[in-house]
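Here are a few notes to read alongside the structure. Keep the viewer open and take the points in order.

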Amino acid sequence: MIDLLTSRVMGDIFLGVTQGVLYGLIGLSLVIVWQSTNILNFAQGAMAMFATYVGMTLLEHGLNYWACLAISVAAGFVLGGATERVLVRPLYGKPEINSIVVMVGFLGILEAGAIAIWGGTSRMIVSPFSLSYFQHNGKTIFLSPFAILQIAAAVTVMLIVAGLFRFTKLGLQLRAAALAPEVARLLGVRVNRLLTLGWALASAAGAVAAVVISSGFEGLTPTNMDVYFVFGFIAAAVGGLESPLGAVLAGVLIGMLQQFIVDYAPPSWASFSPVLILVVALMIRPQGLFSKQRVRRV
Amino acid sequence: MFRSPLRRASAIAAASALSVGLVSTGAVITSAGASGNDGVTSNSITIGATVPVTGIASPGYSDVAKAAKAAFKYVNSKSNGVNGRQINFLIKDDCYEVPGFGCTGTPSTYSQTQALLNTSGGLFATVGSLGTATQDSVRSLLDNNGVPQLFVNSGSSDWNNASQYPRLFGWQTDYIAEGKIFANYIKANFKNKSVGFIGQNDDFGANGLTGLNRGGLSIPAMGTGDSFSYEATAAVAGNPFGSMLSKMKNDKVAVVVLDSIPVATKNIIQDAHAIGFKPQFVISGVGSDPQTVNNKYEVGALSLTFLPPTSDAKNAWNVWTKKVLLADSADFPKFTAKSILTGNMQYGVGWAVTFMQALRAMGQNVTQSGIVNILETQGSSFATPAVTALKYSSSNHQGLQGGLMVKISSATATTSITKAGTVYSAGDGGTAAPTTTKYITSPVPSWLG
Amino acid sequence: MNAAAISVENLSVSYGAIKALRNVSFTAQPGVITAVLGANGAGKTTLLRTISGLLEPDEGSITMAGTNITREKTEDIARRGLGHVPEGRGVIGEFTVEENLRLGAMAAKVDLKAGLAEQYEQFPVLGQRRTQHAATLSGGERQMLAMARALIAKPSVLLLDEPSLGLAPLVTVELMETIRELCDAQGLAVLLVEQNAKSALRIAHHAIVLHLGSVAANAAASDVAADEKLRQYYLGLAE
Amino acid sequence: MVSIKQFIANRPTSARALATLVATIALLGLAIIVDPLNDTYLATASIMAIAIVGLSLLIGLSGQVSIGNSGFMAIGAFTTAIWAQHHAHFPLLGSMALSVAVSTVAGIVLGLPSTRLRGPYLAGMTLAFAFAIPPFIQSLGTFAGGSGGLYFPTLQTPAWFASAIGEKDNPLAANNTWGAAIAIVVAAVAFFFMANFFHSRSGRAMRLVRDNDVAAELVGVNVARTRVLAFAISAAFAGLAGSLLAIIQSSVLPQTFGVALSIELLSLLVLGGLGTLGGAMIAGLIAAYSDSIVSRINSWTGIDPVSNLGGSLKGIIFGLILIATMLLAPSGLAGLGHRISRFVRSRVAQKKALSVSETP
């Protein structure tokens, strides 16, 4: 059994899952925003990055990991809510090009702004969990305590989001506000507040991903969330943009696929092959793999 | 949207009118120096460089041009420039390898170089522009405009092509020479040990591998055996190294040579530590600067430098470089008397001094063809911070071709492990083994201030 | 004077250059069904949407139980006890029957369990389908769900927009009777918008006839039903 | 005056040809007058304008948002570059045509899913495409030059041109003017085509599909084919721009054509004005001069261009302008111009009306 864990295939699976849950987390936050406001938030990754930098800066002295996580997630929450209030609200009911352009512009400001404030050098938050992989008989199991934390964080966020949407009063109102805003308002649901809340939640979920990335090998730079955004989007789209679970599963699949490509094929293929998957998947099921076919709303 | 052809026609006319307006303001900007358009006046000389300010290559590397700028500023103020001419050094962000959206603009060195050429009064030369692909792509542009392209910050062999690009010069030890010196050292000190290789999948990795094999190691092509390649962007987003290192660990590789940029170096040594793999790392000077790599697991790794070890506090050039940086608190606000130099700072000051030497040797008659001639005829005798001579000649535009083997002795400094008073010299591009030559410690000329 | 459940004064609404309502005034009393009649485009739906705050009037005021609600937000008006079953019923097809009802009860301070029990008793078919997605219901069942969802919040005013649209005649009759029963039993003020004037007039106490955005008649339902001219020109009930 | 209006109304194509000709001659004249460095800016402006007007068709006319046109530019540029590797004396028109053909095919392939995808899915897919193209090109190895790109001989200025503009003894000036002239003429042809296309049957069909695809289907428009056609034309224009860029710069790097370029195209398009020809031209000029403008801002404000702030100034300015444009003036600079002219005209009309009423 343990020999299996040290095998090359399992190593790729572990590394792929660890990478893939991060795509899944960004995908998940895209899904929340999409569900509540029908907007694809191109600045999702950058907002997570910015929130995490804020958390890091506040805690530069006497860094406590959990406090940093909490503050970054809180910063993400505030940033998401404020973005909805200021930038997104004027966009409702406008052609989608407007929202795309505004979010792309916001992305530019956040990234360039982060470089201006914090510089381009990668920064790390040292986590209390070791990045070293487990060893067995001199062989490596490609899982570290930190990787387990990473996977656990992603699963927790996913469960919280899914549970919130499925089982709580708030979730019911959030879904109603997204599906039929006018009906929801006629029933007394404070839709505007909920839209703000949806963005805040999504941005907070994204911040979890950025915090985890900032404690991993690569650390956080103002631009390295772009890659996570692209693959997170692919995950969300393959998963169907409607399904939090689908986004995380698709993210994990993409992560594993990339890892296998890196291991068994020319590594440069890893960056473009998920796009092929996206195109093929969307050709077969335009509404995503994990999404129920929905009647077109009029 | 235009509904009638008249309105469209008028819009076209309006747009052309606007273009006339825009272009004419541009023309006004440039017409000031339209005569004698080579960046030289009686009391100033304008040069420029494209370097990564944002993007993955920028950490550390952006210090190179800044340190050079500090050196120019220092000489401008202490000695009223060189031969009475103030040096005006312009820096443009080349947006190189910006992985996503960070560097909004057209990430093409071509347009940045065009912008440099557009400097009012013209541009004398580009000095110390960074990167292989980025500088390859503007060789023709600069050559066609008669503008020298000096001291490209890259160890590629592309700069040594005097017949096709007579105004193009490299400065640092090239990757092939570096590879040969590494091979020579490994053969002597790690007899019969298995050697692995990870290189960037461009000429950096390819030339380095060529050098290792010319030096007598037999490392297979990247992608086979224990020889791997990575993509610069992949090194930033993701973790392509785990499986490579794990294979090397299984194959009991004892020495791993890295031709990697600092961010990849950091990921590799961290990954190796994470899987409990502890080989002797030998890292290209391009990607080993300890303060840039910023990782404690790098301590103990070997590298090559063509500049004095950063730990050598008595070296006259190190002393002068510190003085220069301390004088420029605008660009180096965090640099104090207690700070340790980084390789990037030494490097920028290195080629800046070389340029000033050439300028001084030209005397009052500064021309673009003159500096080429000076470098070819007198370059090898210039006093610079480098520990070997610049081997410029009419047929060799590469520059340095040797250096010291150093050990990363702490998270901030390097120490020489080469026999005292000597340096390795890799000679020409053939398979001849590197030789040991004298360690040059030229004094700092007094005119530098 | 006792405050009317809804009092509309000089209300004017326009869509850009088009005037949809001109100087509309009327009151709706508790325990009274007020039918709002008129041809297509007469402004019936506009009137209801303006009362609910979905549209903003150019002029005029709307008072609910003595409180001016003219420019309040839709959700705040709903929380004051105004139930609005919109045109096309507005049930959320992706939600189950019970989720729709829970949503209806959410904003009001009512006991969810008791409310659900009450509605399932009133509309037994909903009780049988409580876990089904609303999209799978028939037209009549959806209408019941929409009404139940509005009623569960215990509103004092109920706006019904074309409840009979798309229903079989027999179902319509049944539905109208249910509305009358509810109104009588709970003292609700009902504003019933209907194109099907005949069935609306059968249960309504009072009627307003709109024509091109203006009030053409405002009288007891029986008077309107008896007025041959109104029947002929505005209601298409000539025989 | 009336006769000109009548001429335009009766012979729209001729009127467009005439307008294009006049604009082309004016720009060529400008290219000859200005110094060599402004010539390179004119060339860049023309190239960017071609790519932007292609994107304008796709987004403004057919209503499909693409963040992937940098990928088509890459395909066009590398087609020309690879062709030039194997043919020492490559014909200009031939390599441009080849680039257009290859990128059109790519456009059709990427456009096919557009028949089934909507809005953000489509935009996201094109973004992923743009993201994937540079590493894909790098993975082709030496064939496409890897990450180091490809270099080829520079554009040769014909002797007749050099002597015609009086720069026989100054090959540098002649070269730059020649490059600008080529770019201007190609852009003129491209714009002429686009002007006619906007008013063609297919152009109207595209607008119909954008506004209401169900209605379009009812009146017999093939919605799927119209969508793919928009992608194909947009890709062809991007490919043409890429090819020209490669020819003028005599080198191509995969990194040039990253997502950042797509975003710049989109930003400039929005800034200039969606779905307008004049907007695309303005956008092209802004693209060419944006670096100069930013460096002027740098020198005005005294911000060190190599500082973190200086390096990111352009990104911040672009982002702010984008958001402001979308929230305040969604029709872009071209639309702003229209609004101003309409305002002025209405004021003039008012005055006229007043003076009329004053006369007894």
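1. Helix α6 (residues 139-151) of chain C lies across β6 and β7 (157-161) of chain C, and runs at about 165° to β6(C). Helices here are DSSP runs (H or I) of at least four residues, strands are DSSP runs (E) of at least two, and both are numbered from the N terminus. Axes are lines fitted to C-alpha atoms, for helices over the stretch in contact, and angles between N-to-C directions run from 0 to 180 degrees. Contact means heavy atoms within 4.5 Å.

2. A word on the ground rules: this is a predicted model, in which local features need pLDDT of at least 70 and side-chain atom pairs count only at pLDDT 80 or more, while totals for chains, interfaces and linings use all residues. Residues are numbered from 1 along each chain as its sequence is written, chains are lettered from A and ligands numbered from 1 in the order in which they are written, and side-chain values use heavy atoms, with hydrogens and water left out.

3. Where do β6(C) and β7(C) belong? They sit in an open sheet of 6 strands in chain C, with the order β6-β7-β8-β3-β9-β10 and mixed pairing. Its edge strands are β6 (82-85) and β10 (214-220) of chain C, each pairing on one side only. Neighbouring strands of this sheet are turned by 15° against each other on average, direction ignored. Two strands count as paired if DSSP finds at least two bridges between them.

4. Another helix to find is α7 (residues 169-186) of chain C, which lies across β3 (33-38), β7 and β8 (189-193) of chain C, running at about 160° to β8(C). H206(C) stands opposite A220(C) in β10(C).

5. Chain C also has pairing among β1, β4 and β5. Strand β1 (residues 6-15) and strand β4 (residues 59-64) of chain C pair in the antiparallel sense over 5 bridges, with S61(C) in β4(C) as the bridge partner of E9(C). β4(C) pairs with strand β5 (residues 67-68) of chain C over 2 bridges, again in the antiparallel sense, and M64(C) stands opposite T67(C). The two strands β4(C) and β5(C) form a hairpin with 2 residues between them, and A65(C) in the turn has a positive phi of about 50°.

6. Now turn to chain B, where 5 strands form an open sheet with parallel pairing, in the order β2-β1-β3-β4-β5. β2 (86-93) and β5 (168-170) of chain B stand at the edges with a single partner strand each, so one side of each has no neighbour in the sheet. Neighbouring strands are turned by 25° against each other on average, direction ignored. Helix α13 (residues 343-362) of chain B packs on this sheet, touching β1, β2, β3 and β4 (149-152) of chain B, and its direction makes about 145° with that of β4(B).

7. How do the chains meet? Among the 4 pairs of chains that touch, the most contacts are between chains B and D. Chain B and chain C have no contact, and their closest C-alpha atoms lie 22 Å apart. Chain C and chain D do not touch either, with nearest C-alpha atoms 20 Å apart.

8. Finally, look at chains A and D: 46 residues of chain A are in contact with 40 residues of chain D. The two chains bury about 3500 Å² between them, 81% of it on carbon and sulfur atoms; buried area is the accessible area (1.4 Å probe) lost on putting two parts together, summed over both. Across this interface the rule finds 0 salt bridges, a salt bridge being a side-chain nitrogen of Lys or Arg within 4 Å of a carboxyl oxygen of Asp or Glu.
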